[in-house]
Amino acid sequence: MTKQPEDWLENVPDDEEEDDEIIWVSKSEIKRDAEELKDLGVELTELGKNGLDKIPLDDDLRAAVELAQKIKKEGRRRQLQLIGKMLRQRDVEPIRQALDKLKNRHNQQVALFHKLEGLRDRLIEEGDDAIPDVLALFPAADRQQLRSLVRNARKEKTDNKPPKSARQIFQYLRDLSEAQD
């Protein structure tokens with residue numbers, strides 16, 4: 001008994017079904033991913049000790065990062081390659097999230113400082129007219145202390161003296177901001 005050609009075709013798997021199951025990854029994409037992980041390793045090595053403490057790293061990876069921080073030139077390049085290889089074997093999403101949080105906190109602090117500087121400059125320029133706005137932002141602020149600091153800052157500015165009171169206003173606003181958080 002011989003098989004009919006039609007029966008033979010029924011046993012051959014459909015090409016469309018196989019394509020759904022197999023995901024082809026190009027060699028270039030694999031290299032891009034590896035390079036991206038190596039760049040993540042570079043970011044980790046650029047962090048200080050306090051920054052590294054806030055990143056969820058296992059002991060082996062942390063030791064490799066600390067070693068890379070100490071090494072220079074060709075040895076550092078090799079160590080960064082090793083860190084990239086180690087990262088390929090781990091879930092890097094918690095590490096990326098912690099790094100983003102660190103970077104974001106810095107950006108938020110810079111934005112807050114710019115806002116406080118603008119508020120200080122406005123206080124010095126407008127004087128008592130701007131104090132109600134500061135009191136609205138920071139209800140714990142002392143009106144008398146602000147008026148005194150603003151008066152001194154304006155006097156220093158007209159007398160071309162160093163801006164000691166302006167710095168004190170900024171420090172006071174920063175303290176108020178930190179107390180509010």
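Among contacts in the chain between residues at least 6 apart in sequence, what percentage join residues at least 24 apart? The figure is 59%, where contact means heavy atoms within 4.5 Å. This is a predicted model, in which local features need pLDDT of at least 70 and side-chain atom pairs count only at pLDDT 80 or more, while totals for chains, interfaces and linings use all residues. Residues are numbered from 1 along each chain as its sequence is written, and side-chain values use heavy atoms, with hydrogens and water left out.

**Figure 1. The chain has ten helices and zero strands.** Helices (H or I, at least four residues) and strands (E, at least two) are DSSP runs, numbered from the N terminus. Along the sequence the pattern reads α-α-α-α-α-α-α-α-α-α. The chain has 181 residues, and 29% of them count as buried. Buried means under 20% relative accessible area, exposed means over 50%, and partly exposed lies in between (1.4 Å probe, protein chains only).

**Figure 2. Helix α7 covers residues 93–126.** It has 34 residues. From first C-alpha to last, α7 reaches 48 Å, close to the 50 Å expected at 1.5 Å a residue. The expected span is 1.5 Å times one less than the number of residues. Buried residues of α7 are Ile-95, Ala-98, Leu-99, Leu-102, Leu-116, Leu-119, Arg-120, Leu-123 and Ile-124. An α-helix has 3.6 residues a turn, so residues three or four places apart point the same way. After α7 comes Gly-127, with a positive phi near 70°.

**Figure 3. Pro-94 and Arg-96 lie in helix α7.** Pro-94 is partly exposed, at a relative accessible area of 35%.

**Figure 4. The structure holds one aromatic pair.** Rings of Phe, Tyr and Trp (its six-membered ring) pair if their centres lie within 6.5 Å; planes under 30 degrees apart count as stacked, over 60 as edge-to-face and the rest as tilted. Here the partners are Phe-113 and Phe-170, with ring centres 5.6 Å apart and planes at 85°, so the pair is edge-to-face. The pair links distant parts of the chain, 57 residues apart. Phe-113 sits in helix α7, and Phe-170 in helix α10 (residues 164–180). Phe-113 is partly exposed, with a relative accessible area of 33%. Phe-170 counts as buried, at 13% relative accessibility.

**Figure 5. Arg-120 of helix α7 is buried.** Its relative accessible area is 15%. Leaving aside neighbours within four places in sequence, Arg-120 is in contact with Ala-166, Ile-169, Phe-170 and Leu-173. Phe-170 also belongs to the aromatic pair with Phe-113.

**Figure 6. Helix α7 crosses helix α9 (residues 143–158) at roughly 75°.** The two axes come within 9 Å. Axes are lines fitted to C-alpha atoms, for helices over the stretch in contact, and angles run from 0 to 180 degrees between N-to-C directions. That angle makes α7 roughly perpendicular to α9. Angles under 35 degrees count as roughly parallel, over 145 as roughly antiparallel, 65 to 115 as roughly perpendicular and the rest as oblique. From α7, the contact uses Leu-123, Ile-124, Glu-125 and Glu-126. From α9 come Leu-146, Val-150, Ala-153, Arg-154 and Lys-157. These residues divide into five nonpolar, no polar and four charged. Ala, Val, Leu, Ile, Met, Phe, Trp, Tyr, Cys and Pro count as nonpolar, Asp, Glu, Lys and Arg as charged, and the others, Gly among them, as polar.

**Figure 7. Lys-73 and Asn-160 have positive phi without being glycine.** Lys-73 has phi near 60°. Its place is in helix α6 (residues 73–88). Lys-73 counts as exposed, at 76% relative accessibility. Asn-160 has phi of about 55°. It lies in the loop between α9 and α10. Asn-160 counts as exposed, at 71% relative accessibility.
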